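Here are my notebook entries from an afternoon of looking things up. Have the model open beside you and follow along.

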Amino acid sequence: MSYILGISAFYHDSAAALIKDGEIIAAAQEERWTRIKHDYSFPRNAVEYCLKEARITPSDLSYVAFYEKPLIKFERLLETYLEFAPKGISSYIKAMPLWLKQKLWIPDLIQKELKGYGGKIIFPEHHQSHAASAFYPSPFEEAAILTLDGVGEWATTSIGIGKGNDISLEYEIKFPHSLGLLYSTFTYYAGFKVNSGEYKLMGLAPYGQPLYRDIILKELIDIKKDGSFKLNMKYFLYPYGLRMVNTKFESLFGERARSPESKITQFHMDIARSIQDVTEEVVLRIARHIRETTKQKYLCLAGGVALNCVANGKIQNEKIFEQLWIQPAAGDAGGALGAALFTWYKYLGNKRTVTGKDAQKASYLGPGYSDEEIENFLKDNNVTYKKLTPLQIPPYAADLLARENIIGWFQGRMEFGPRALGARSIIADSRSEKMQAKLNLKIKFRESFRPFAPTVLLDRVKDYFDLDCESPYMLLVAPVKEEIRRKMTDSEESLFGIQKLNIRRSDIPAVTHVDYSARVQTIKREDFPLYYDTIMEFYKKTGCAVIVNTSFNVRGEPLVCRPQEAYKCFMRTDMDYLVMGSFVLDKREQKALKEDSDWRREFSLD
């Protein structure tokens with residue numbers, strides 16, 4: 001029996017993952033315990049959870065794998081600072097202490113944190129970890145692999161092939177030329193946080209027009225027919241600076257970078273649309289080139305850019321490959337899982353058996369809590385609740401949804417990756433045209449332009465979306481079907497930008513974006529019976545097989561992990577009900593939290 005622990009840390013989204021004889025046992029991000037969004041610290045809580053889930057101690061581990069090679073990454077940083085010296089001195093001074101005190105001593109740190117472990121530590125390359133996380137859990141015996149992110153050690157884009165238990169990366173694009181960093185540059189320029197706000201930029205894009213696409217293609221990036229590219233580095237500061245852009249970049253577009261939380265204008269929407277279009281063009285060219293040169297029928301994707309579900313949807317829609325499989329924890333968190341799987345299959349050479357299903361277990365790989373644990377929490381905190389049987393929950397919750405109640409949904413094991421998939425979710429009625437605004441402003445406390453995703457019964461997906469495949473991890477955007485769209489009036493058609501927001505566009509307006517698209521999650525019963533049955537009951541009651549599914553958190557906080565976080569989030573927002581395990585909490589029956597008034601003032605809600 002062999003246990004392998006994978007670890008990612010010290011950039012963003014640190015995580016731990018545990019496999020047993022190649023089977024994925026547990027995986028989780030550190031942020032879920034520390035409550036620091038995108039926490040990059042050593043994932044000691046996530047490690048502790050993984051070991052606890054398997055009922056083992058560090059001494060039972062056969063190997064530990066770290067998701068990248070720190071010395072090579074340090075070499076790249078030094079070479080970059082020297083190349084741009086003295087321009088990068090401020091960034092150099094800021095970065096070096098952490099490297100010299102911590103990042104260069106990963107083996108010592110792991111030995112210190114994992115008391116009792118005396119085995120070997122394996123260091124795959126960053127993009128090998130991404131590739132392993134993409135291919136090994138996939139349902140394919142053989143497939144092409146594409147990894148796209150900001151930067152690992154040197155690589156920013158890697159192309160390869162997976163066969164059986166082997167992966168081989170055959171081509172790469174190196175730093176500073178990076179599609180991920182180009183997208184992050186525009187994330188910064190639009191006033192959002194790098195390594196966090198990229199999905200906001202993607203969500204903003206449909207409100208704009210690609211007015212700056214040609215400028216980007218002419219001045220910032222040179223894209224070849226095969227998708228390979230080079231950036232014009234005279235416009236970028238990210239290799240050495242504390243900002244992403246310089247004054248030349250700002251002059252090119254005629255405006256300074258937007259200050260965070262300041263007004264979003266049509267200019268920012270057009271900028272978002274322009275860089276989204278360029279990103280899609282690069283990804284599509286690479287995908288076509290991979291299919292042409294490798295002759296592979298299937299494609300596996302990982303790396304932060306693989307979370308761009310609009311680009312993924314374009315690959316799917318063009319039928320470049322027969323099937324895609326995208327690692328649900330595509331960013332650095334998934335590197336922990338990839339490192340463990342790389343060790344088992346590539347380093348140790350163990351046989352890989354493919355069953356036709358993916359090995360990710362629907363990505364419900366985090367901690368779960370028993371009814372006993374939940375009830376103890378509720379009793380200890382004098383919370384008013386009622387208890388249902390498992391058979392009572394789906395029809396009860398469906399009835400609440402049909403009456404346009406918003407439900408905090410805390411069930412089973414927590415999701416691994418950034419998307420809520422029905423375990424730590426807020427769910428609502430997709431038919432309500434008021435729901436999108438209510439969820440953004442009263443529940444999530446976030447920007448009004450942000451869209452919400454649907455969960456749809458897999459066997460009914462074609463009734464609502466132009467999607468002919470599964471999308472269990474909410475990583476494909478698909479068009480809403482013409483048959484359920486609402487025709488716009490002439491005056492509505494003439495609107496632009498944020499004016500488009502509050503117009504009913506379809507029979508499921510709460511999950512229909514302004515361009516008639518949706519980031520779809522399909523659900524089948526074998527993956528999560530309780531969640532599936534709840535949506536099925538909603539379908540029986542309303543004739544609609546689609547609900548709103550958004551992450552159980554508020555802006556700036558990670559997904560809730562434990563009962564106490566779920567309860568606090570429920571109480572501090574305008575959610576109507578919390579269904580946690582077998583227990584239902586009605587907001588009207590709850591006593592206010594003592595700190596509620598202070599929290600509401602912090603978010604300017606009074």
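Entry 1: I began with strand β7 (residues 155-163), where eight of the nine residues are buried. By buried I mean under 20% relative accessible area, with exposed over 50% and partly exposed in between (1.4 Å probe, protein chains only). Strands (E, at least two residues) and helices (H or I, at least four) are DSSP runs, numbered from the N terminus.

A note on sources: this is a predicted model, so I kept to its terms, with local features needing pLDDT of at least 70, side-chain atom pairs counting only at pLDDT 80 or more, and totals for chains, interfaces and linings using all residues. Residues are numbered from 1 along each chain as its sequence is written, and side-chain values use heavy atoms, with hydrogens and water left out.

**Entry 2: the partners of β7.** Which strands pair with β7? I count two strands as paired if DSSP finds at least two bridges between them. Within this pair, L146 has I159 of β7 as its bridge partner, and the hairpin of β6 and β7 has six residues between the strands.

Strand β8 (residues 166-174) is also antiparallel to β7, joined by eight bridges. I found A155 opposite K174 of β8. Two residues lie between β7 and β8 in their hairpin, and G164 there takes a positive phi near 60°.

Entry 3: Is strand β1 (residues 3-8) enclosed or open? Six of its six residues are buried, so β1 is largely enclosed by the rest of the structure. In a regular strand, side chains alternate between the two faces of the sheet. I checked both faces of β1: Y3, L5 and I7 are buried on one side, and I4, G6 and S8 are buried on the other.

I then looked for its neighbours. Strand β2 (residues 15-20) runs antiparallel to β1 and is joined to it by six bridges, with L18 as the bridge partner of L5. Their hairpin has six residues between the strands, and F10 takes a positive phi near 80°. Strand β4 (residues 63-66) runs parallel to β1 over four bridges, and Y63 in β4 is the bridge partner of I4.

**Entry 4: a nine-stranded sheet.** Further on I traced an open sheet with mixed pairing, in the order β13-β21-β20-β14-β15-β19-β16-β18-β17. Its edges are β13 (386-387) and β17 (476-479), each with a single partner strand, so one side of each lacks a neighbour in the sheet. Inside that order, β20 (residues 577-580) and β21 (residues 583-586) run antiparallel with four bridges, and M580 has F583 as its bridge partner.

**Entry 5: a helix.** Helix α19 (residues 563-571) has seven of nine residues buried, so it is largely enclosed by the rest of the structure. The buried residues are P563, E565, A566, Y567, C569, F570 and M571.

**Entry 6: the whole protein.** Buried residues make up 60% of the 606. Of contacts (heavy atoms within 4.5 Å) between residues at least 6 apart in sequence, 71% join residues at least 24 apart.
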